[in-house]
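Hi,

Here is the structure I promised to pass on to you. Please have a look at it first, and then read my notes below.

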Amino acid sequence: MYAANFNLDLYARRIGLDHTPTATDFDAAALQRMMQAQLRSITFENLDVQAGKVVSLVPEDIVSKILGSDGLAKRGGYCYELNGLFAMALTALQIPYFFVACRPMFYPMRRPKTHMALIVTIGTERYLCDLGFGSYGMRAPLALSQVNLPQQQDFDQFRLLTPTPGDYVMQAQVDGNWVSQFGFDLHPAEWIDFMPANYLNSTHPDTVFVQKLLLIRQHAQGRTMLVGRELKHSQAGITQSRAVAEDELDAVLLQEFGLQR
């Protein structure tokens, strides 16, 4: 994943790292630091879709939107943009990875493979990385070798299942129950493969991105979410929510997520 205007130093500044990563010392711990830094500094958001726009998957447009020219831009994006940006950093670091197409599994009916994640190789281990799933998105890389084992990530738990050989399901623990979030296999996908899914997510009235505002910002103690007009704060496993009136929506976007419509 390459963009002519991507700069690793600006990326590191944008996600709040105290130094720019280098390929020579990029290990599993560095992968986790970079993933968590991006999750905690760049908002998952669908403001463009809500404004009636089709999200651009031109790599240079993603950089301009999320990084800007100085690493101080404030916008975020949804799965293709956020995982695409992370892939640009991996490319700059010469870390091997590939995209996988994922089937969301939390809907009441079977859905197409409209989600994107990455498989990143560090040494002899492969890791599932995903920076754009939303409310119950993973918070750190998951090693593909650690299947059927609950993994604590901050105050959440996740696990990978292998229901059939070659297939994986990522689950999150929700209210004490294991809930399937998405499934995938290890067949590499190309960036262009996500163009139809992106158009569907940007335009189809049945998608959650078209139906309502959806913003998520991760932090070490939990996450802050705006789903439609409901603001949720999750702190140390405890969630509090309140309704947001229309006349205070812009103030909430700015105060909670640093965003403007």
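Helix α3 gives the largest share of the lining of the second largest cavity, with 3 residues. Helices here are DSSP runs of H or I with at least four residues, strands are runs of E with at least two, and both are numbered from the N terminus. The second largest cavity has a volume of about 30 Å³, and its lining consists of Glu45, Asn46, Leu47, Asp48, Val49, Val55, Lys65, Arg75, Tyr78 and Glu81. By type, that lining divides into 5 charged, 4 nonpolar and 1 polar. The classes are simple: Ala, Val, Leu, Ile, Met, Phe, Trp, Tyr, Cys and Pro are nonpolar, Asp, Glu, Lys and Arg are charged, and the others, Gly among them, are polar.

Before going on, two points about the source. This is a predicted model, in which local features need pLDDT of at least 70 and side-chain atom pairs count only at pLDDT 80 or more, while totals for chains, interfaces and linings use all residues. Residues are numbered from 1 along each chain as its sequence is written, and side-chain values use heavy atoms, with hydrogens and water left out.

Now the other spaces. The structure holds 2 cavities of 30 Å³ or more, and the largest cavity has a volume of about 100 Å³. It is lined by 13 residues, with Leu39, Phe44, Leu131, Gly134 and Gln218 closest to its centre. Its lining splits into 8 nonpolar, 4 polar and 1 charged.

The largest pocket contains about 900 Å³ of space. Among its 43 lining residues, Gly134, Ser135, Tyr136, Gln181 and Met225 lie nearest the centre. Strand β12 (residues 230-235) gives the most to this lining, with 4 residues, and the lining as a whole has 20 nonpolar, 16 polar and 7 charged residues.

For your own checks: on a 1 Å grid over the protein atoms alone, a cavity is a set of points where a 1.4 Å probe fits but cannot get out, whereas a pocket is an open set with protein on both sides within 12 Å along at least five of seven lines; lining residues have an atom within 4 Å of a point. Points are joined across faces, edges and corners, and a volume is the space filled by probe spheres set on them.

On to the strands, where pairing requires at least two DSSP bridges. β12 pairs with β11 (residues 222-227) in the antiparallel sense over 6 bridges, and Arg223 stands opposite Ser234 in β12. Both strands belong to an open, antiparallel sheet of 5 strands in the order β1-β10-β11-β12-β13. Its edge strands are β1 (44-45) and β13 (238-243), each pairing on one side only.

β8 pairs antiparallel with β7 (residues 156-161) over 4 bridges, and Arg159 stands opposite Gln171 in β8. With β9 (residues 177-185), β8 runs antiparallel over 8 bridges; Ala172 has Val179 in β9 as its bridge partner. The β8-β9 hairpin has 2 residues between its strands, and Asp175 in the turn has a positive phi of about 55°.

Happy browsing!
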